[in-house]
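Dear colleague,

Here is the structure I said I would pass on. Please look it over before reading my notes below it.

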Amino acid sequence: MKDLLFSLSFLVMLVLAGSQVLTAQVSTERMAMSRGSNDGIILELPGADDKMVSKLWPDWVKENYDVKTKKVKKTKDEMAALNFSIPGVSAGGKVDMYSKVASSGTGSELTIWIATPDGYISPELDRRRYLEAEKMLMNFALAVSREQIKMDIEDEEDALKDLEKDLDKLRKEKEKFEKDIVDAERAIEEARAAIERNLDAQGSKNKEIEDQIDKVEATKRKLKDF
């Protein structure tokens, strides 16, 4: 069971168009890893995608401690950063840090094991050095929070682009409808003119018919008088 006696809960407050809060909890537990069962330090990251954390963690370690984090052979997801210094933790020497990221509920958790010549960092080994390790994880939690906000910004910008595309589509549809109206009005005017021409033609044709009837009657009278 996780040792909550030495756990530390903290809030990272970041403001971006309002307040966004990331709550992260650090605790300790003796856990199995590639080098046996050793004291691990666990950083819980509610709401943080484990794939994002897995990608961010090696980059953050490289940026802050100038050491590469590589996958440990013959393990599923364990990583290792070897022979480097962590201020306040390595006590003037070098440490090996093993780590893994796993999904946890709606978020993820990062577990680290920091191996020193004196043993694995824990409250029992050296409380001061352990608290420095906690501070390191707090700083990483801040980086996770910043990355989450960046992702949120990207999502919101993508949503904005989609809305702008929808608006552009609606505007083009409006232009098409307006063109349809103009074309329809032109067609109506042309049809009205055609009706007028048709009525004139009907009048002319009726006159021709009346004239032709007169001719037929006249011809019939000639036959009768013959």
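This is a predicted model: local features need pLDDT of at least 70, side-chain atom pairs count only at pLDDT 80 or more; totals for chains, interfaces and linings use all residues.

Overall fold. The protein has 2 helices and 8 strands. In sequence order these elements run β-β-β-α-β-β-β-β-β-α. Buried residues make up 31% of the 226 in the protein. Among contacts with a separation of 6 or more, 49% are between residues 24 or more positions apart.

Cores. The largest nonpolar core consists of 34 residues, and Ile 114 and Phe 140 have the most contacts inside it. Two or more residues each come from strands E2 (19–33), E3 (36–45), E5 (79–84), E6 (95–104) and E7 (107–116), and also from helices H1 (50–65) and H2 (127–225). H2 gives the largest share of this core, 8 residues. Another core, of 9 residues, lies apart from it and includes Met 31, Val 72, Ala 80 and Tyr 98.

What does Phe 140 touch, leaving out residues up to four places away in sequence? The list is Leu 43, Leu 45, Val 53, Leu 56, Trp 57, Trp 60 and Leu 110. As background, nonpolar side chains in soluble globular proteins tend to be buried together.

Helix pair. The axes of H1 and H2 come within 10 Å, with a crossing angle of roughly 125°. H1 is therefore oblique to H2. The crossing of the two helices is right-handed. On the H1 side, the residues in contact are Met 52, Val 53, Leu 56, Trp 57, Trp 60 and Tyr 65. They meet Met 136, Asn 139, Phe 140, Ala 143, Val 144, Glu 147, Gln 148 and Met 151 in H2. By residue class, the contact of H1 with H2 has 11 nonpolar, 2 polar and 1 charged.

Loop residue. Where is Glu 124? Glu 124 sits in the loop between strand E8 (119–120) and H2. Is Glu 124 buried or exposed? Glu 124 counts as exposed because its relative accessibility is 55%, and the cut-off for exposed is over 50%. The C-alpha atoms of Glu 124 and Asp 39 are 9.7 Å apart in space, while the two residues are 85 apart in sequence.

Regards

Technical notes:
Residues are numbered from 1 along each chain as its sequence is written. Side-chain values use heavy atoms; hydrogens and water are left out. A nonpolar core is a set of buried Ala, Val, Leu, Ile, Met, Phe, Trp, Tyr and Cys residues joined through side-chain atoms within 4.5 Å. Buried means under 20% relative accessible area, exposed over 50%, partly exposed in between (1.4 Å probe, protein chains only). Helices (H or I, at least four residues) and strands (E, at least two) are DSSP runs, numbered from the N terminus. Contact means heavy atoms within 4.5 Å. Axes are lines fitted to C-alpha atoms, for helices over the stretch in contact, and angles run from 0 to 180 degrees between N-to-C directions. Angles under 35 degrees count as roughly parallel, over 145 as roughly antiparallel, 65 to 115 as roughly perpendicular and the rest as oblique. A crossing is left-handed if the near helix is turned anticlockwise from the far one by less than a right angle, and right-handed if clockwise. Ala, Val, Leu, Ile, Met, Phe, Trp, Tyr, Cys and Pro count as nonpolar, Asp, Glu, Lys and Arg as charged, and the others, Gly among them, as polar.
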